[in-house]
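Visitor: I would like to learn how to read a ligand site and some helix packing in a model such as this one. Could you take me through the features one at a time?

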Amino acid sequence: MTPVLEVRDLHKVFGDLTAVDGISFSVNEGEIYGFLGPNGAGKTTSISMICGLLPPTEGEVLVMGLSIAEDPRGVKRLLGVVPQEVAVYEELSARMNLEFWGGIYGLKGKALRERVNGLLAQVGLDDRAAEPVKNFSGGMKRRLNLAMGLVHDPQLILLDEPTVGIDPQARHKILDIVKQIAADGRTVLYTTHYLEEAEDLCDRLAIIDHGSILAEGTVAELKAKLGEGSLLTVQGGFKAPELAAAAGAVAGLQPVEIIDGRGMLVVGRDGPGVSNALSGLFQAGLAFDDITIKEPNLEDLFLNLTGRELRD
Amino acid sequence: MRRILHLALHDSRLFLARRENFFFMFIMPTMFMLFFSVVLRGGGPTDVKVFLQVVDADDGFLSRAFIDQLETGQFEVTVLDAAAADTTAYLRRLVIPAGFTDDVLAHREVKLTLTKSAGSDLQYDAAAEVRLRQVQARFLGALVRWGRTAPDSSAPAAVPVVAPADRDRLLALLAAQPVVTVDQEFAGTGRPVPSGAGQSVPGMLTMFMVMTVAIGGAESLTREKLGGTLSRLATTTFSRGEILGGKLLHLGLVAMVQAMVLMAAGQAIGHWHLFGIDFSWGPHFGFIVLGLVPYAFAVAGLTLLLGGLFRTTQQAESLGWLVGMVLAAMGGCWWPLEIMPHGAQVAAAFFPTYWAMKVLHGVVTFGHGLDAVGLPMIVLTIFGIVFAWLGARTMKVSG
Ligand SMILES: Nc1ncnc2c1ncn2[C@@H]1O[C@H](COP(=O)(O)OP(=O)(O)OP(=O)(O)O)[C@@H](O)[C@H]1O
Ligand SMILES: [Mg+2]
């Protein structure tokens with residue numbers, strides 16, 4: 001089966017800056033594929049190249065086997081794009097916005113009206129549909145922004161951080177809609193810097209930073225990369241080198257990040273076990289104020305891969 | 001083409017959904033047109049007396065007779081004696097030198113001087129000169145028919161004496177109808193230098209076509225560019241060419257709607273003689289509309305370029321105004337170009353407004369048909385092509 005989206009060795013260079021540095025992946029029909037990365041990772045730049053807004057410096061994008069470079073109109077017909085920044089006509093009502101966007105794709109008459117009504121209900125804007133969008137709250141605008149990318153029922157939907165800056169309730173609504181789209185057999189590329197979203201939503205995901213994919217797979221596969229050990233976080237009045245030395249003395253204890261007063265260490269499965277690791281650290285005579293032990297999540301994986309937190 | 005029209009109509013709906021555009025399109029231009037027509041209503045110096053201050057340093061019977069002639073020759077005369085001359089301001093001043101009467105009677109050459117102040121109106125100055133020559137000719141004619149022979153020049157500087165009967169004969173000759181008169185008229189339905197509503201109505205129409213579109217259009221283009229709807233459009237099946245074509249068509253449509261609004265307003269003002277204003281578009285209404293199409297195209301292209309250049313909507317609003325004002329002033333929308341310095345008249349040819357005014361004056365003021373405005377229409381089309389090309393290169397559609 002041809003993948004719905006196939007990206008091969010995509011590069012984008014802006015002057016001195018390589019924003020996207022050789023990305024390859026493919027997404028199959030009905031899948032939600034996540035792009036997880038911090039600010040400036042190259043998510044939006046990648047999406048822009050996939051939807052034909054930016055020409056790639058190098059590489060290729062195929063949508064259902066069609067190349068965007070060779071057949072832009074054929075590809076764009078299959079795409080629904082939801083940009084990161086809300087892009088709607090503020091003076092028009094939600095309904096007029098959707099009708100215009102449907103008209104752009106050739107929908108008209110009864111088919112257009114029914115589609116618009118269905119979408120308005122789906123994103124929960126049916127009772128405010130006639131109001132100018134400039135009166136809407138941020139979350140309402142985001143929901144309209146999403147609906148506008150769906151109005152022509154595209155095969156492949158590119159969602160660029162559709163939940164940024166909205167309250168948890170509106171966010172759940174959007175996540176539910178995305179799940180529904182995928183359940184209907186549509187394919188979704190979803191970028192985010194929220195781990196919980198990626199974990200909850202995506203069938204597979206890529207962790208991306210500085211324009212490269214650092215790791216790719218299902219959530220379970222990615223977690224397995226950390227090893228099924230435990231994560232030990234200690235805080236106290238010690239200096240970074242003191243903790244590093246103490247950790248180094250315990251076999252199987254991997255430092256992830258160590259700074260003055262705080263350290264994060266992985267106790268590998270084949271290692272000494274949590275209690276042995278801890279007593280090893282105590283023996284080094286370090287004073288700890290706080291110790292937490294937990295199973296690793298994607299946040300920790302990200303930290304492990306990049307050496308920094310996902311959120312600034 | 002259908003797709004381009006779809007975009008253009010959508011944009012036009014958006015344009016009208018903004019209340020300020022509505023105001024700029026319907027209310028403000030009409031008010032301006034009315035205001036300027038009232039201010040410039042005068043109808044020119046042909047029907048009006050021209051102010052003339054006369055310094056009568058002679059105060060003899062001939063200088064007084066000459067002044068009487070000025071008054072009947074459509075001058076509004078104020079007479080001063082020589083002593084008051086230095087302390088009195090004037091627009092135009094004629095000085096009759098001391099000894100005027102005696103010199104004339106003695107057949108000696110006399111010089112009258114006409115001085116114009118910097119603040120005088122050129123049209124009225126021109127009229128003053130023509131009328132002064134007419135008065136001079138009549139006065140000299142009367143003197144010739146009066147037929148007094150020159151006094152004997154060898155006689156010792158005797159003051160010529162004129163008998164009262166002789167004086168009356170001269171005054172009667174002056175009052176009589178002159179034998180030969182020259183009437184002056186202007187060709188065409190208007191005047192060579194359009195004035196009054198004939199200037200302000202086409203002027204305001206030309207100005208507001210560019211103002212409304214440049215300000216409102218550049219502002220909404222900038223907004224779309226920054227707000228992401230333009231690049232969102234580029235993710236659809238619409239090509240860049242179709243998107244820009246849609247924008248151009250929309251801007252051109254707005255310009256034409258603005259033209260229609262002001263054509264209707266001008267017609268209404270003239271029809272009801274509001275504030276006594278005299279105006280008509282003349283018999284070639286259809287030609288005017290057709291003649292304005294290339295101007296609308298030029299305005300649309302210019303606005304696309306502005307929209308591509310501006311970085312913020314504030315820039316679009318303030319610089320849009322500035323561009324509109326400069327174009328209006330340089331194109332002769334506010335005052336007839338003929339009264340501007342030569343350099344400005346030459347520079348005017350580089351502004352589309354100048355050519356639009358040429359179209360309007362050609363058809364409206366001089367009643368020519370479309371054949372006479374072919375050149376301005378071609379020039380405007382070239383402006384449109386150049387602006388649109390530059391605009392398409394400057395406008396960033398995607399991201
Ligand atoms: N048009 C451009 N010109 C120059 N640099 C750019 C341009 N667009 C993006 N960049 C740079 O490319 C890098 C990647 O940007 P991009 O917008 O793709 O990141 P992102 O992952 O979407 O980040 P965010 O989470 O903040 O949206 C950044 O360093 C950005 O400054
Ligand atoms: Mg982004």
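Visitor: Which residues come nearest to ligand 1?
Guide: In this predicted model, a residue counts as near the ligand if one of its heavy atoms lies within 4 Å of it. There are 13 residues around ligand 1, and those that come nearest are A:Gly40, A:Lys43, A:Thr44, A:Thr45 and A:Gln84.

Visitor: Which elements give two or more residues to the shell around ligand 1?
Guide: They are strand 2 (17–27) and helix 1 (43–50), both of chain A. Helix 1 of chain A gives the most, with three residues. Sorted by class, the shell holds six polar, five nonpolar and two charged residues.

Visitor: Turning to the helices, how should I read the packing of helix 10 and helix 11 of chain B?
Guide: Begin with the angle between the axes, bearing in mind that angles over 145 degrees count as roughly antiparallel and those from 65 to 115 as roughly perpendicular, with oblique values in between. Helix 10 (residues 240–271) and helix 11 (residues 285–309) of chain B pack at about 135°, with their axes 8 Å apart, which means that helix 10 is oblique to helix 11. Their crossing is right-handed.

Visitor: At what angle do helix 3 and helix 4 of chain A cross?
Guide: Helix 3 (residues 94–104) and helix 4 (residues 109–122) of chain A cross at roughly 130°, their axes coming within 10 Å, so helix 3 is oblique to helix 4 in chain A. This crossing is right-handed.

Visitor: And what is the handedness where helix 6 of chain B passes helix 7 of chain B?
Guide: The axes of helix 6 (residues 122–146) and helix 7 (residues 164–175) of chain B come within 9 Å and cross at roughly 135°, and therefore helix 6 is oblique to helix 7 in chain B. Helix 6 of chain B passes helix 7 of chain B in a right-handed crossing.

Technical notes
Residues numbered from 1 in each chain as written. Chains lettered and ligands numbered in written order. Predicted model: local features only at pLDDT ≥ 70, side-chain atom pairs only at ≥ 80, totals over all residues. Heavy atoms only, no water. Helix = DSSP H or I, 4+ residues; strand = E, 2+ residues; numbered from the N terminus. Nonpolar A, V, L, I, M, F, W, Y, C, P; charged D, E, K, R; others polar. Axes fitted to C-alpha atoms, helices over the stretch in contact; angles between N-to-C directions. Parallel < 35°, antiparallel > 145°, perpendicular 65-115°, else oblique. Left-handed = near helix turned anticlockwise from the far one by under 90°.
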